[in-house]
Amino acid sequence: MIRAIALVDLDDTLFQTLRKCPPDVPADRLTPLGFARDGSPLSYATPRQMQFLEWLAETTHLVPVTARSLDALRRARIPFRAAVCAHGGVVLDDAGEVDPDWAETIASRAAPHAGQLADLADAIGGEAKARGVPVNARVLTEGALPLYTLAKHDHADADALFAVVDAAVPSLPAGWTDHRNGNNVALMPPYLGKAHAVAHILPGLRSRYPDAPVIGIGDSHTDAPFMGLCDFAMMPPRSQLAGGMFDGR
Ligand SMILES: [Mg+2]
């Protein structure tokens with residue numbers, strides 16, 4: 001049987017929060033796939049997303065490529081062994097174990113940026129406080145490793161969040177990524193990004209499965225670089241990445 005390799009973003013591609021679920025799908029037809037630490041459901045798939053996931057699981061080597069932390073990835077009910085998580089900061093090998101080579105690479109690249117990440121979080125926190133806006137900024141870590149700075153608004157007011165970040169961080173150093181999607185601003189140093197981790201795992205996948213087509217699937221601007229390393233790209237037509245490309249045609 002011919003198999004493809006599917007490198008798949010999770011949030012807003014395979015499932016989403018209740019607020020973002022399509023209004024025409026009744027709540028009792030949604031399947032919870034993402035869970036909080038206390039086990040309560042956070043993210044849901046529509047019946048079509050569920051069948052899409054089942055189809056991918058049956059016909060491809062499915063590799064999640066997600067911004068989620070390793071912990072949050074493990075709280076998603078998705079069949080996988082290999083995975084890319086934490087915006088590419090962590091790679092799981094085919095046995096589902098943390099890839100030690102990649103961990104070492106990331107650790108050596110991350111070390112010089114730790115101070116900058118903390119400074120950015122402080123600047124955003126200070127600006128939010130001065131404006132009296134409930135925005136939280138912190139440095140996201142995997143283990144002891146600082147990876148990127150994340151800012152969120154307590155009540156999901158994205159416009160207020162973006163205004164605070166714009167004022168606190170008028171510009172980023174060259175090579176950094178400012179990723180915004182919904183109530184979420186991630187400021188990522190140059191070494192971090194899904195595409196770096198995908199470039200690390202792709203040669204192994206290609207040699208193990210020669211001629212298998214690689215399909216990159218995602219919804220965000222930050223997915224585009226890793227999708228560009230694949231043979232085919234797939235996206236929800238109403239997504240940040242699609243922009244208005246499919247509207248009104
Ligand atoms: Mg996504």
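User: Which residues line the largest cavity?

Analyst: This is a predicted model. The lining consists of Ala67, Arg68, Ser69, Ala86, Leu140, Thr141, Glu142, Leu147 and Tyr148. Strand 8 (135-142) and strand 9 (145-153) each supply at least two of the lining residues. Strand 8 gives the largest share, three residues.

User: What makes this space a cavity, and what is its volume?

Analyst: A 1.4 Å probe fits in a cavity but cannot get out. The volume here is about 30 Å³. The structure holds one cavity of 30 Å³ or more.

User: Why is Asp9 called buried?

Analyst: Its relative accessibility is 4%. Buried means under 20%, so Asp9 counts as buried.

User: And what makes Asp11 partly exposed?

Analyst: Asp11 has a relative accessible area of 27%.

User: How do you know which protein atoms are donors of the magnesium ion?

Analyst: Donors must be N, O or S atoms within 2.8 Å of the metal. Asp9 (OD), Asp11 (O) and Asp219 (OD) lie 2.1 to 2.2 Å from the ion. Therefore these atoms qualify. Their spacing along the chain is D-x1-D-x207-D.

User: What is Ile78 in contact with, beyond its neighbours within four places in sequence?

Analyst: Ile78 contacts Leu10, Leu14, Phe15, Leu33, Leu53, Leu62 and Pro64. Contact means heavy atoms within 4.5 Å.

Notes: Residues numbered from 1 in each chain as written. Predicted model: local features only at pLDDT ≥ 70, side-chain atom pairs only at ≥ 80, totals over all residues. Heavy atoms only, no water. 1 Å grid on protein atoms, 1.4 Å probe; cavity = no way out; pocket = protein on both sides within 12 Å on 5 of 7 lines; lining within 4 Å. Points joined across faces, edges and corners; volume = space filled by probe spheres on them. Helix = DSSP H or I, 4+ residues; strand = E, 2+ residues; numbered from the N terminus. Donors = N, O, S within 2.8 Å, 3.2 Å for Na, K, Ca; no water. Buried < 20%, exposed > 50% of the residue type's maximum accessible area, 1.4 Å probe, protein only.
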